[in-house]
Amino acid sequence: MLILAGLLSACGRTKSYTIMGDYMVYDTAESLVEASDFVFSGTVVNISYEMLDVRTEQGVDSMTGLAETEPLPYTLYEIEITEKYKGTYDTDHIILKRPGGVFDDATYKVADATEILSNESYLFVAAEFPNSYPSLLNA
């Protein structure tokens, strides 16, 4: 379940929202990798933002807690894959999503999220979901 908490920045009058997620917690790196569909290293080549409807079920969605269709802010990371450790992916590029992003005059950020920068390389652990981009796990 995602919860938004908002602040209005005094400097530029930019609204800032913190996204609190009820995410799965993994006790070990092994359990995180076991829960994933993809584990790979790569370089972020592009970052974009999109409002996405990520519900996976009719009625109240067990993954998001949403009862009605409503788009949520997401950051999309296009990654050039350099090494695959788990999972199969047909190309050398993948797009991963994470809640948050910049839309109009508002910034949305997951609480305690690690910053992911363009032109930097990382180890990614992700899960695949129906009708949507794969998601970062514990990011």
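Me: How many aromatic pairs does this predicted model hold?
Reply: The count comes to six aromatic pairs.

Me: Why is the pair of tyrosine 17 and tyrosine 108 called stacked?
Reply: The ring centres are 5.0 Å apart, with 15° between the planes. A pair needs centres within 6.5 Å, and stacked means planes under 30 degrees apart. Both conditions hold, so tyrosine 17 and tyrosine 108 are a stacked pair.

Me: What makes this a link between parts apart in sequence?
Reply: Tyrosine 17 lies in strand β2 (residues 15-21) and tyrosine 108 in strand β7 (residues 106-110). The pair therefore ties together parts that are 91 residues apart in sequence.

Me: Is tyrosine 108 buried or exposed, and what decides the matter?
Reply: Its relative accessibility is 17%. Buried means under 20%, so tyrosine 108 counts as buried. Tyrosine 17 has a relative accessible area of 24%. That value falls between the 20% and 50% cut-offs, so tyrosine 17 is partly exposed.

Me: Why is the pair of tyrosine 49 and phenylalanine 103 called edge-to-face?
Reply: The centres are 6.1 Å apart and the planes stand at 70°. Tyrosine 49 lies in strand β3 (residues 38-52) and phenylalanine 103 in strand β6 (residues 101-103), so the pair joins parts 54 residues apart in sequence.

Me: Which residues do ring pairs link into a cluster?
Reply: Tyr17, Tyr49, Phe103 and Tyr108.

Me: Which residues make up the largest nonpolar core?
Reply: Twelve residues in all, among them Phe38, Val44, Tyr77, Ile116 and Leu136. Two or more residues each come from β3, β4 (72-86), β5 (93-99) and β8 (121-127). A second, separate core has six residues, including Ile19, Phe103, Ala106 and Tyr108.

Me: How do you know that phenylalanine 103 is buried?
Reply: Its relative accessible area is 16%. The cut-off for buried is under 20%, so phenylalanine 103 is buried.

Me: What does valine 44 touch?
Reply: Leaving out residues up to four places away in sequence, its contacts include Tyr77, Ile79, Ile116, Asn119 and Phe124.

Me: What makes the phi of asparagine 119 worth a remark?
Reply: Most residues other than glycine have a negative phi. Asparagine 119 is not a glycine, yet its phi is positive, about 65°. Its place is in the loop between β7 and β8. At 61% relative accessibility, against a cut-off of over 50%, asparagine 119 counts as exposed.

Me: Where is asparagine 131, and what is its phi?
Reply: Asparagine 131 is in the loop between β8 and β9 (135-136). Its phi is near 55°, also a positive value in a residue other than glycine. Its relative accessibility is 82%, so asparagine 131 counts as exposed.

Me: How do you know whether serine 36 is buried or exposed?
Reply: Serine 36 sits in the loop between α1 (29-35) and β3. Its relative accessibility is 4%. That is under 20%, so serine 36 counts as buried. Beyond its neighbours within four places in sequence, serine 36 contacts Lys86, Val125, Ala126 and Leu137.

Me: Why is the contact of lysine 15 with aspartate 105 called a salt bridge?
Reply: The closest N and O atoms are 3.9 Å apart. The limit is 4 Å, so the pair qualifies. The structure holds one salt bridge.

Conventions. Residues numbered from 1 in each chain as written. Predicted model: local features only at pLDDT ≥ 70, side-chain atom pairs only at ≥ 80, totals over all residues. Heavy atoms only, no water. Phe/Tyr/Trp six-rings, centres within 6.5 Å; stacked < 30°, edge-to-face > 60°. Helix = DSSP H or I, 4+ residues; strand = E, 2+ residues; numbered from the N terminus. Buried < 20%, exposed > 50% of the residue type's maximum accessible area, 1.4 Å probe, protein only. Core = buried A, V, L, I, M, F, W, Y, C linked by side-chain atoms within 4.5 Å. Contact = heavy atoms within 4.5 Å. Salt bridge = Lys/Arg side-chain N within 4 Å of Asp/Glu carboxyl O.
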